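Subject: Structure handover

Hi,

Here is the structure I promised to pass on. Please open it first, then read my notes below.

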Amino acid sequence: MEFIRRCSGFLFGMECLGCGSVSERLDPWLCPACREELLRESREYSFPGPDAMSLFPMRPLTRRLIHALKYKGLSGMASYLVRHSSAVGEGGVAQSIALLARPYYFVPVPLHSSRYRERGYNQAQRIAAALATVTGGRVCNWLARREFRVSQTKLSREEREWNVAGAFERRLPRELPRRGTVFVVDDVFTTGATTSSCISAFGRDFPLDTKVCTLLYDEPVTATMDFVADCKMEWNV
Ligand SMILES: [Zn+2]
């Protein structure tokens with residue numbers, strides 16, 4: 001698919017994945033204005049929980065890019081987003097990671113095998129690989145999926161938590177490292193149910209510190225409504 005896109009791009013100019021404009025100055029997916037916007041949004045990284053970090057907020061642009069990663073076969077989008085995030089260099093997430101014990105182990109949330117066959121790759125694995133590259137850590141496939149569960153996207157919060165509880169099991173090496181930090185890696189943090197289930201699969205005897213790192217944070221609607229209400233109050237004062 002990417003090959004066809006590049007060929008048609010060569011003939012007709014490429015379309016920016018952010019705004020859809022045809023431009024010869026894509027990098028290769030965003031025009032300069034959308035790339036600027038992405039860099040701006042990377043400064044809005046967040047910590048959705050005490051042990052969780054997300055590189056970008058869910059915004060129209062990041063939503064389109066994550067969609068391309070998951071459904072359009074653009075697996076390279078994982079490293080593109082990581083490279084444009086604050087996980088790199090002196091960015092905020094990079095600074096937070098630097099405070100944690102080394103070495104770093106990035107454990108992707110496993111994809112169900114049928115979905116893997118359909119997609120050809122696990123996006124969480126690609127994100128984990130990109131994070132490992134920029135931080136000097138390594139990818140460890142220490143989790144497996146137990147059984148088929150219903151897709152998360154159309155479920156309520158309670159249904160999601162039920163759906164993923166017990167969905168994973170650990171596949172640890174015989175000799176576990178004694179030091180370091182484990183990051184469970186996923187594409188989007190919504191309720192945190194999936195990554196919590198992954199961490200509980202490691203078990204209580206798991207000796208390493210565990211954190212969560214996702215590309216995007218999709219704030220719950222209630223949080224957004226609270227934010228709007230707060231802003232209104234400020235404006236009314
Ligand atoms: Zn654009």
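The protein's secondary structure comes to ten helices and ten strands. Keep in mind that this is a predicted model. The protein has 237 residues, and 36% of them are buried.

Start with the open sheet of six strands. Its order is β3-β4-β10-β9-β5-β6, and the pairing is mixed. The edges are β3 (46–49) and β6 (138–139). Each has a single partner strand, so one side of each is left without a neighbour in the sheet.

Strand β10 has β4 on one side and β9 on the other. Strand β4 (residues 52–57) runs parallel to β10, and five bridges join the two. Within that pairing, A52 stands opposite V212, and P57 has Y217 as its bridge partner. On the other flank, β9 and β10 also run parallel, joined by eight bridges. There, V182 is the bridge partner of T210. The chain gets from β9 to β10 by way of α9, and this β-α-β crossover is right-handed.

How enclosed is β10? Seven of its nine residues are buried, so the strand is largely enclosed by the rest of the structure.

Helices on the sheet

Helix α7 (residues 123–135) lies across β5 (104–108), β6, β9 (181–189) and β10. It runs at about 130° to β9. Helix α9 (residues 193–202) packs on the sheet too, touching β4, β9 and β10. The direction of α9 makes about 155° with that of β9. Buried residues in α9 are A193, T194, T195, S197, C198 and F202. Just after α9, G203 takes a positive phi of about 90°.

The core

The largest nonpolar core has 57 residues. Which of them touch the most other members? They are F106, V107, L131, F183 and V185. Domain 1 (13–40) and domain 2 (43–236) both give residues to this core, so it lies between them. For context, nonpolar side chains in soluble globular proteins tend to be buried together.

Leaving aside neighbours within four places in sequence, V107 is in contact with A128, C140, W142, L143, V182, F183, V184 and V185.

T214 sits in strand β10 (residues 209–217). Is T214 buried or exposed? It has 26 C-beta neighbours inside 10 Å, and the cut-off for buried is 20 or more, so T214 counts as buried. Beyond residues up to four places away in sequence, T214 touches S54, D186, D187, V188 and F189. P108 is 106 residues away from T214 along the chain, yet their C-alpha atoms are separated by 9.9 Å.

A94 is found in helix α5 (residues 92–98). With 16 other C-beta atoms within 10 Å, A94 is partly exposed. Its contacts, not counting residues up to four places away in sequence, are S86, A87, V88 and G89. A94 and T135 are 41 residues apart along the chain, with their C-alpha atoms separated by 7.8 Å.

Over to you.

Best wishes

Technical notes:
Residues are numbered from 1 along each chain as its sequence is written. This is a predicted model: local features need pLDDT of at least 70, side-chain atom pairs count only at pLDDT 80 or more; totals for chains, interfaces and linings use all residues. Helices (H or I, at least four residues) and strands (E, at least two) are DSSP runs, numbered from the N terminus. A residue is buried if 20 or more other C-beta atoms lie within 10 Å of its own, exposed if 12 or fewer, and partly exposed in between; C-beta atoms are placed from the backbone. Two residues are in contact if their C-beta atoms, placed from the backbone, lie within 7 Å. Two strands pair if DSSP finds at least two bridges between them. Axes are lines fitted to C-alpha atoms, for helices over the stretch in contact, and angles run from 0 to 180 degrees between N-to-C directions. A nonpolar core is a set of buried Ala, Val, Leu, Ile, Met, Phe, Trp, Tyr and Cys residues joined through C-beta atoms within 7 Å. Domain bounds come from an automatic or database domain assignment. A crossover is right-handed if, with the strands pointing away from the viewer, the path from the first strand over the helix to the second runs clockwise.
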